[in-house]
Amino acid sequence: MAAQNTPSSIADPARMVADARRAFFVMFGVLCLVWAVQLANWLSDYRLTVEGGIVAHRPDQLADLLTAPFLHVNWQHLEGNSGPLFVFGFLAAYRGIKRFLGLTALLVLTSGAAVWLFSDDRVVTVGASGVIYGYFGYVVLRGLIDRNLIDSLIGVVMGASFAYILTTAVPGTPGVSWQGHLGGLLGGLAGAWIFRARKGADAAPAATPAPVPGQAEAPPSERAQLLKELDDLGL
């Protein structure tokens with residue numbers, strides 16, 4: 001007799017919808033924060049950029065590794081970063097917010113450290129692009145490490161569509177902080193391994209056993225009811 005599919009033995013659409021919703025609102029909040037910082041920066045005649053940007057090789061500037069990704073040199077700089085930040089950030093966040101927050105902390109440190117170690121100490125470096133490159137590297141590699149078909153396909157599509165951005169992560173690229181880009185990219189690739197899905201953590205629970213004849217059937221769980229409602233809505 002063929003086994004029947006149960007909510008626990010198939011992909012969980014309720015969880016996918018909930019994870020996507022959380023990722024959307026997290027990234028929307030991040031963008032609101034970055035734009036609010038830019039408004040304050042603009043009103044201060046970009047004093048925040050000067051005071052919170054990274055200047056290489058100065059020990060007293062190490063704390064600015066944490067503030068530089070939220071600052072930009074002008075509105076055009078922020079506008080150019082906002083779209084990629086939201087798209088790659090969303091793709092990085094929808095598999096789990098805790099994992100995403102740990103990844104973001106790693107990228108802030110790796111991209112900022114690369115700037116602090118290898119940039120010219122005569123310039124001030126700011127911007128979210130190092131973190132964006134990290135999200136990109138993470139999204140491209142995550143599916144292969146987690147052995148997840150959907151994430152692997154997303155990684156292939158994103159990698160093929162945005163491979164051109166790697167040209168600004170190599171030495172000698174004028175006008176941009178290639179050090180921050182490269183540091184963020186390497187951090188994202190490392191993050192795909194560090195924050196990989198642990199064996200058994202994301203595994204589906206065992207299928208519900210068939211009811212024994214003559215035994216009262218247990219009432220459906222709240223999760224099963226939610227899945228049925230989503231299925232009735234066509235989701």
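This is a predicted model: local features need pLDDT of at least 70, side-chain atom pairs count only at pLDDT 80 or more; totals for chains, interfaces and linings use all residues.

Biologist: What's the angle for H4 and H7, and how far apart are their axes?

Modeller: The angle is about 145 degrees, and the axes of H4 and H7 are 7 Å apart.

Biologist: Which residues make that contact?

Modeller: From H4 you have Leu103, Leu106, Leu107, Thr110, Ser111, Ala114, Val115 and Phe118. H7 brings Gln179, Gly180, Gly183, Gly184, Gly187, Gly188, Gly191 and Ile194.

Biologist: And how do the residues of the H4 and H7 contact divide into nonpolar, polar and charged?

Modeller: Seven are nonpolar, nine are polar and none is charged.

Biologist: OK, now H5 and H6. At what angle do they pack?

Modeller: About 140 degrees, with the axes of H5 and H6 7 Å apart. H6 covers residues 149–162, and the crossing of H5 and H6 is left-handed.

Biologist: Which residues of H5 meet which in H6?

Modeller: On the H5 side they are Phe136, Val139, Val140, Arg142, Gly143 and Leu144. Facing them in H6 are Asp151, Ser152, Ile154, Gly155, Met158, Gly159 and Phe162. By type, the H5 and H6 contact has seven nonpolar, four polar and two charged residues.

Biologist: Switching topic: how many residues are in the largest nonpolar core?

Modeller: It has 25 residues, and Ala92 and Tyr135 have the most contacts inside it. H1 (13–43), H3 (75–93), H4 (97–118), H5 (129–146) and H7 (178–194) each supply at least two of its residues.

Biologist: Which helix gives the largest share of this core?

Modeller: H5, with seven residues.

Biologist: What does Ala92 touch?

Modeller: Leaving out residues up to four places away in sequence, Ala92 touches Phe100, Leu103, Tyr135, Tyr138, Val139 and Arg142. Apart from that core lies another one, of five residues, including Ile54, Leu65, Ala68 and Trp116.

Biologist: Zooming out, how many helices and strands are in the chain?

Modeller: Eight helices and zero strands.

Biologist: How much of the chain is buried?

Modeller: Buried residues are 38% of the 235 in the chain. The chain exposes about 13800 Å², with carbon and sulfur atoms supplying 67% of that area.

Biologist: And among contacts between residues at least 6 apart in sequence, what share joins residues at least 24 apart?

Modeller: That share is 79%.

Key:
Residues are numbered from 1 along each chain as its sequence is written. Side-chain values use heavy atoms; hydrogens and water are left out. A nonpolar core is a set of buried Ala, Val, Leu, Ile, Met, Phe, Trp, Tyr and Cys residues joined through side-chain atoms within 4.5 Å. Buried means under 20% relative accessible area, exposed over 50%, partly exposed in between (1.4 Å probe, protein chains only). Helices (H or I, at least four residues) and strands (E, at least two) are DSSP runs, numbered from the N terminus. Contact means heavy atoms within 4.5 Å. Axes are lines fitted to C-alpha atoms, for helices over the stretch in contact, and angles run from 0 to 180 degrees between N-to-C directions. A crossing is left-handed if the near helix is turned anticlockwise from the far one by less than a right angle, and right-handed if clockwise. Ala, Val, Leu, Ile, Met, Phe, Trp, Tyr, Cys and Pro count as nonpolar, Asp, Glu, Lys and Arg as charged, and the others, Gly among them, as polar. Accessible areas come from the Shrake-Rupley method with a 1.4 Å probe; for residues, only the protein chains shown count as cover.
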